[in-house]
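Here are some exercises to work through with the sequence and the model side by side. Try each task first, then follow the solution step by step.

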Amino acid sequence: MKQAGAVAEAMTEKCVFCKIMGGEKYQPVIYHDGLCTAFMDINQPNPYHVLIVPNSHAEDIYALSADEASAIFQLSARLSHAIRRVTNCPGLNVLSNNGRVAGQTVFHFHLHLMPRFQGDRLRLAAGLMGRKYPKTDAELERMTSNLKDQLAKSE
Ligand code: 5GP
Ligand code: ZN
């Protein structure tokens with residue numbers, strides 16, 4: 001048991017969000033329950049850029065429990081309303097980077113809530129639009145059924 005604890009500690013040693021959860025790093029908290037916590041991102045390209053994280057260390061979306069995923073995504077909807085009421089933002093991005101290749105820099109899962117304003121010039125989704133893949137209906141059907149099959153397997 002002692003060793004397992006030591007290993008867990010070593011694994012989370014450098015995780016800044018675990019430090020916040022453990023009170024080792026100062027961070028005012030917007031919301032906290034048994035599963036997840038919301039606080040301001042240290043970087044504020046737009047004001048009220050918020051993060052929602054699971055309380056327990058989970059590296060990315062693949063490591064989340066179903067309960068954590070539910071709690072985090074439900075909170076994202078509630079907090080989006082709160083952010084809009086506070087900022088009057090006409091739009092808001094909800095996004096999560098998973099894996100270094102996807103731009104993840106803190107390896108403790110988090111959802112970003114980013115209020116958007118006319119002319120703010122943030123380019124969070126650059127590169128998503130204008131791609132022409134898949135090219136055929138058959139390809140689209142194949143991709144759709146691949147994911148349907150995988151979902152059915154995990155039911
Ligand atoms: P990622 O790049 O992994 O999607 O997002 C990591 C986010 O964590 C970044 O937006 C970054 O500003 C934020 N972040 C990094 N260190 C800290 C910190 O110590 N406190 C807070 N509140 N946010 C942090
Ligand atoms: Zn962590």
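Two strands pair if DSSP finds at least two bridges between them. Helices (H or I, at least four residues) and strands (E, at least two) are DSSP runs, numbered from the N terminus. This is a predicted model, in which local features need pLDDT of at least 70 and side-chain atom pairs count only at pLDDT 80 or more, while totals for chains, interfaces and linings use all residues. Residues are numbered from 1 along each chain as its sequence is written, and chains are lettered from A and ligands numbered from 1 in the order in which they are written.

**Exercise 1. The strand pairs**

Task: Find which strands pair with E5, and how they run.

Solution: 
- Step 1. Start with E4, which is joined to E5 by five bridges; the two run antiparallel. Here Gly91 has Arg116 of E5 as its bridge partner.
- Step 2. Now look at E3, which is antiparallel to E5 and joined to it by three bridges. In this pair Leu51 has His112 of E5 as its partner.
- Step 3. Carry on from E3 to E2: five bridges link them, again antiparallel. Met40 stands opposite Val50 of E3.
- Step 4. Finish with E1 and E2, an antiparallel pair with three bridges. A hairpin of three residues connects these strands, and Tyr31 faces Ala38 in E2.

**Exercise 2. The overall plan**

Task: Work out how many helices and strands the chain has, and in what pattern they follow one another.

Solution: 
- Step 1. Count the elements: the chain has four helices and five strands.
- Step 2. Read along the sequence to get the pattern α-α-β-β-β-α-β-β-α.
- Step 3. Turn to burial. A residue is buried if 20 or more other C-beta atoms lie within 10 Å of its own, exposed if 12 or fewer, and partly exposed in between, with C-beta atoms placed from the backbone. Of the 155 residues in the chain, 15% are buried.
- Step 4. Now contacts: two residues are in contact if their C-beta atoms, placed from the backbone, lie within 7 Å. Among contacts between residues at least 6 apart in sequence, 57% join residues at least 24 apart.

**Exercise 3. Helix H3**

Task: Find which residues of H3 are buried, and what they pack against.

Solution: 
- Step 1. Locate H3 at residues 66–87, a run of 22 residues. From first C-alpha to last it reaches 31 Å, close to the 32 Å expected at 1.5 Å a residue; the expected span is 1.5 Å times one less than the number of residues.
- Step 2. Pick out the buried positions: Ile72, Leu75, Leu79 and Ile83.
- Step 3. Recall the helix geometry: an α-helix has 3.6 residues a turn, so residues three or four places apart point the same way.
- Step 4. See what lies against the buried residues of H3: strands E1 (29–32), E2 (36–40), E3 (50–54), E4 (91–95) and E5 (111–116).

**Exercise 4. Positive phi in the loops**

Task: Is Asn88 buried or exposed, and why?

Solution: 
- Step 1. Find Asn88 in the loop between H3 and E4. Its phi is positive, about 65 degrees, although Asn88 is not a glycine.
- Step 2. Asn88 is exposed because 9 other C-beta atoms lie within 10 Å.
- Step 3. Tyr48 is partly exposed, because 19 other C-beta atoms lie within 10 Å.
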